[in-house]
Amino acid sequence: MRIDIVTIFPAIFDALDISLLGKAKQNGIIDLRVADLRDHAHDKHRTVDDTPYGGGAGMVMKPEPWGEALDSVLADDVDPVVIFPSPAGEVFTQRMARELSEESHVVFGCGRYEGIDQRVFDDAASRARVHLVSLGDYVLNGGEVAVMAMVEAIVRLIPGVIGNPQSLVEESHEDGLLEYPSYTKPPVWRDREVPPVLLSGNHGAIAKWRREQQLERTKRVRPDLIAEE
């Protein structure tokens, strides 16, 4: 998979060179490229924002640098996906992460200030599948943190990135429920015992207990997920 990220803060994404994502990059599973939007601003101050038409607080990111940057990363691609993090977008989910993990080329555009000129989205949509995507009902200073989270959620689902693929099947949201509690050695720690069923060796009973724990935790913490079932 090829992943392009356009941002005014490229150094933020140095963190993607470590851990499992760094190994995926080294092993050629992903081709991760980070572009500086200011490279496409041609005045001496490398300006990427301006005051909004119609008035209002804050600044809006200009269309010209974004147009050039997207021209560069979308060149010669016949069916790319372009994601713009936005509090006005659809909510990012595990299902979306899995769908995006099957794409060949995903581009992320990191907005800042009061957002990006709407014409950038409209122009990109004429040559790519464009989605505005939100991590949740809150606002961040820019799209970089959201893109970091989405890239990790997506890349870990690509075959060969996670050492034990079975671990992906049993985690939160894969089956619409939250994950069950996990335990490891020792069996007693600070007078707190591991549930006896997990020490029983009875795999049927363990599976039943884990499912019950998933349902109980989901009803308690995220009852909205149960309502969607």
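Predicted model: local features only at pLDDT ≥ 70, side-chain atom pairs only at ≥ 80, totals over all residues.

Analyst: Start with the pairing of strand 6. Strand 1 and strand 6 run parallel and are joined by five bridges. In this pairing, Val6 stands opposite Gly109 of strand 6. Strand 5 also runs parallel to strand 6, with three bridges between them. Here Ile83 is the residue opposite Phe108 of strand 6.

Next, burial. Strand 6 is largely enclosed by the rest of the structure, because five of its five residues are buried, that is, under 20% relative accessible area. Both of its faces are covered. His105, Val107 and Gly109 are buried on one side. Val106 and Phe108 are buried on the other.

Now the cores. In soluble globular proteins, nonpolar side chains tend to be buried together. The largest nonpolar core here has 29 residues. Ile5, Phe92, Phe108, Val151 and Val155 touch the most other members. Strand 1 (2-7), strand 5 (81-91) and strand 6 (105-109) each give two or more residues to this core. So do helix 1 (19-26), helix 3 (94-101) and helix 5 (144-155). Helix 5 gives the most, with seven residues.

Leaving aside neighbours within four places in sequence, Val155 is in contact with Ile3, Leu21, Ala24, Ile30 and Val161.

A second, separate core has 19 residues. Among them are Leu70, Val107, Val120 and Phe121.

Note on methods. Residues numbered from 1 in each chain as written. Heavy atoms only, no water. Core = buried A, V, L, I, M, F, W, Y, C linked by side-chain atoms within 4.5 Å. Buried < 20%, exposed > 50% of the residue type's maximum accessible area, 1.4 Å probe, protein only. Helix = DSSP H or I, 4+ residues; strand = E, 2+ residues; numbered from the N terminus. Contact = heavy atoms within 4.5 Å. Pairing = 2+ DSSP bridges.
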